[in-house]
Amino acid sequence: AMALRGVREINVIGQDVTAYGLDLYKRRALADLLRRIVRRVPDVPWIRLLYAHPSHVTDDLLDAMARGKRICRYLDIPLQHVSDRVLKMMGRGTTHIKTVALLEKARRRVPGMALRTAFIVGFPGETEKDFRELLRFIEENPFDHVGVFTYSREEGTAAYRLKGQVPRAVRQERYERLMEAQAQVLQGLHHSRIGTETEVLIEKRAEGRMDRYWGRSPWDAPDVDGGVFVESRRRLIPGMMVRVRILGDEGYDLRGEVVDERA
């Protein structure tokens, strides 16, 4: 139905999208679902996954992403933290070593994979040592997109009664330090993409210039990520897919020019 309406992108989304199938088939069946979408809905150019629990990203899922030509090589894996101490207090069921291994496997099995994650700073019991481990992690394991949140104490949650509540000022300071570190990482990633070409889905005309548009690449999810400013001497309309050469960046967004286009 969405394909018939001209939809250009399907986002498969859930609190843990890798749990798909547990209720219907008593097994994780996300990879099978992706293969069915690719086979049965050929008119939607992009299929994107959001919110995959790091403990449940399987080899089968990565293989389906690598082989599905219309599946965006993009995966949102909310890690929350990387310190083993903090992960245990959060009940995340993983470790720093397992996290690094997962990221290396994802990039190896799906070349060109763009990764997004989210971290919480200031969780009860987080020490400066734990936080510095997180800082080093994002410098050594660059992510295309990172969301950072300060811990919010909510009555009724398991963490509400934990000892070692981190002062608000410390939480905010750690947030700013992590965001600054990610900004440096992103600058390096953007620089590495200058001169490369990518497909861009045009969403609107950019303000201020008639020959400038704004869209998203396969590396960018709607609403939560940046995008690409596109220069074109020909008129572009929302929904068009155009081939763009990356020329530079503007903050969290990339900048490029059209080299080819198709409706």
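Hello everyone, let's start with a pair of residues: Ala118 stands opposite Gly147 in strand 5. This is a predicted model, in which local features need pLDDT of at least 70 and side-chain atom pairs count only at pLDDT 80 or more, while totals for chains, interfaces and linings use all residues. Residues are numbered from 1 along each chain as its sequence is written, and side-chain values use heavy atoms, without hydrogens or water.

Back to our pair. Strand 4 (residues 114-121) and strand 5 run parallel, joined by 6 bridges. (Strands pair if DSSP finds at least two bridges between them; strands, E runs of at least two residues, and helices, H or I runs of at least four, are numbered from the N terminus.) These two strands belong to an open sheet of 3 strands, ordered 3-4-5 and paired in parallel. Which strands stand at the edges? They are strand 3 (74-76) and strand 5 (145-150); each has a single partner strand, so one side of each is left without a neighbour in the sheet.

Now let's move on to strand 7 (residues 212-216). Is strand 7 buried or exposed? Of its 5 residues, 5 are buried, so strand 7 is largely enclosed by the rest of the structure. (Buried means under 20% relative accessible area, exposed over 50%, partly exposed in between, with a 1.4 Å probe and protein chains only.) Arg212, Trp214 and Arg216 point one way from strand 7, while Tyr213 and Gly215 point the other way.

Strand 7 also has partners. Strand 6 (residues 197-205) runs antiparallel to strand 7, with 4 bridges joining them, and Lys204 has Trp214 as its bridge partner in strand 7. This hairpin has 6 residues between its strands, and Gly208 takes a positive phi near 95° there. Strand 8 (residues 228-231) pairs with strand 7 too, in the antiparallel sense and over 4 bridges. Here Gly215 has Val228 as its bridge partner in strand 8.

Between strand 7 and strand 8 there is a loop that holds Asp223. Asp223 has a positive phi near 75° without being a glycine, and at 81% relative accessibility Asp223 counts as exposed. Another residue of this kind is Gln80, with a positive phi of about 75° although Gln80 is not a glycine either. Gln80 sits in the loop between strand 3 and helix 3 (84-90) and is buried, at a relative accessible area of 18%.

What about the inside? The largest nonpolar core has 39 residues. (A core joins buried Ala, Val, Leu, Ile, Met, Phe, Trp, Tyr and Cys through side-chain atoms within 4.5 Å.) Val12, Met65, Leu75, Phe119, Phe137 and Leu178 have the most contacts inside this core. The largest share, 5 residues, comes from helix 5 (residues 128-140). A second, separate core of 21 residues includes Leu50, Trp219, Ala221 and Val244.

Finally, how many cavities of 30 Å³ or more does the structure hold? There is 1, and about 70 Å³ of space lies in the largest cavity. (On a 1 Å grid over the protein atoms alone, a cavity is a set of points where a 1.4 Å probe fits but cannot get out, and lining residues have an atom within 4 Å of a point; points join across faces, edges and corners, and the volume is the space filled by probe spheres set on them.) Among the lining residues are Asp144, His145, Arg193, Trp219, Asp220 and Tyr252. Helix 6 (residues 168-193) gives the most to this lining, with 3 residues.

Note on methods: 1 Å grid on protein atoms, 1.4 Å probe; cavity = no way out; pocket = protein on both sides within 12 Å on 5 of 7 lines; lining within 4 Å.
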